[in-house]
Amino acid sequence: PAGTDANLQPLGVAKIFAALVEQEKPDLVILGKQAIDDDANQTTQLLAGMLDWPQGTMASVVSAGDGALTITREIDGGLEDISVSLPAVISADLRLNEPRYATLPNIMKAKKEKSTDCDSALIPL
């Protein structure tokens with residue numbers, strides 16, 4: 001239905017992220033490896049292509065140094081180390097981070113932070 005994200009596909013999501021990257025100018029964009037709805041694993045690659053940035057997919061370890069990232073990624077045959085220059089887009093494997101649980105004081109603090117809304121109608125999907 002119009003006005004919802006019910007039919008938002010990886011290409012549309014990548015276009016929204018590209019618009020945000022253009023606005024915010026980050027050196028690194030970290031996305032999840034998979035979506036819970038269609039498990040397409042496409043948004044990272046599409047975004048990197050749109051931005052003409054290097055990408056590191058399925059990252060389980062990331063280390064930074066001298067304007068580049070060293071990424072250990074999981075592949076069918078085991079592990080592979082690659083290096084990408086910044087700015088870059090990476091997709092995180094579930095082993096990249098150890099979950100931390102929010103404490104009540106931090107939740108209350110986060111509620112006070114200002115956020116900016118973006119009108120998706122201004123982004124050509």
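This is a predicted model: local features need pLDDT of at least 70, side-chain atom pairs count only at pLDDT 80 or more; totals for chains, interfaces and linings use all residues.
**Strands around β5**

I started with strand β2 (residues 55–65) and found that three bridges join it to β5, the two running parallel. Strands here are DSSP runs of E with at least two residues, helices are runs of H or I with at least four, and both are numbered from the N terminus. Two strands count as paired if DSSP finds at least two bridges between them. I looked up one partner: Gln55 is bridged to Val89 in β5.

Residues are numbered from 1 along each chain as its sequence is written, and side-chain values use heavy atoms, with hydrogens and water left out.

Next I checked β1, which also runs parallel to β5, with five bridges joining them. Here Leu28 has Ala88 as its bridge partner in β5. Buried means under 20% relative accessible area, exposed means over 50%, and partly exposed is in between (1.4 Å probe, protein chains only).

**Cores**

I went looking for nonpolar cores, meaning sets of buried Ala, Val, Leu, Ile, Met, Phe, Trp, Tyr and Cys residues joined through side-chain atoms within 4.5 Å. The largest one has ten residues, including Val21, Leu31, Trp53 and Val89. Helix α1 (10–24), strand β1 (28–32) and helix α2 (43–51) are the elements that give two or more residues to this core. There is also a second, separate core of six residues, with Leu69, Val84, Ala88 and Ile90 among them.

I picked Leu31 and listed its contacts (heavy atoms within 4.5 Å). Leaving aside neighbours within four places in sequence, Leu31 touches Phe17, Thr43, Thr44, Leu47, Val89, Ile90, Ser91 and Ala92.

**Salt bridges**

How many salt bridges does the structure hold? I found three. Each needs a side-chain nitrogen of Lys or Arg within 4 Å of a carboxyl oxygen of Asp or Glu.

- Glu80 pairs with Arg73, the closest N and O atoms being 2.6 Å apart. Glu80 is partly exposed at 30%, while Arg73 is buried at 15%.
- Glu74 pairs with Arg95, and the closest N and O atoms are 2.6 Å apart. Glu74 sits in strand β3 (residues 68–75) and Arg95 in the loop between β5 (88–92) and α3 (104–112), so this pair ties together parts 21 residues apart in sequence.
- Arg95 also pairs with Asp93, with the closest N and O atoms 3.4 Å apart. Asp93 is buried at 4%, whereas Arg95 is partly exposed at 47%.
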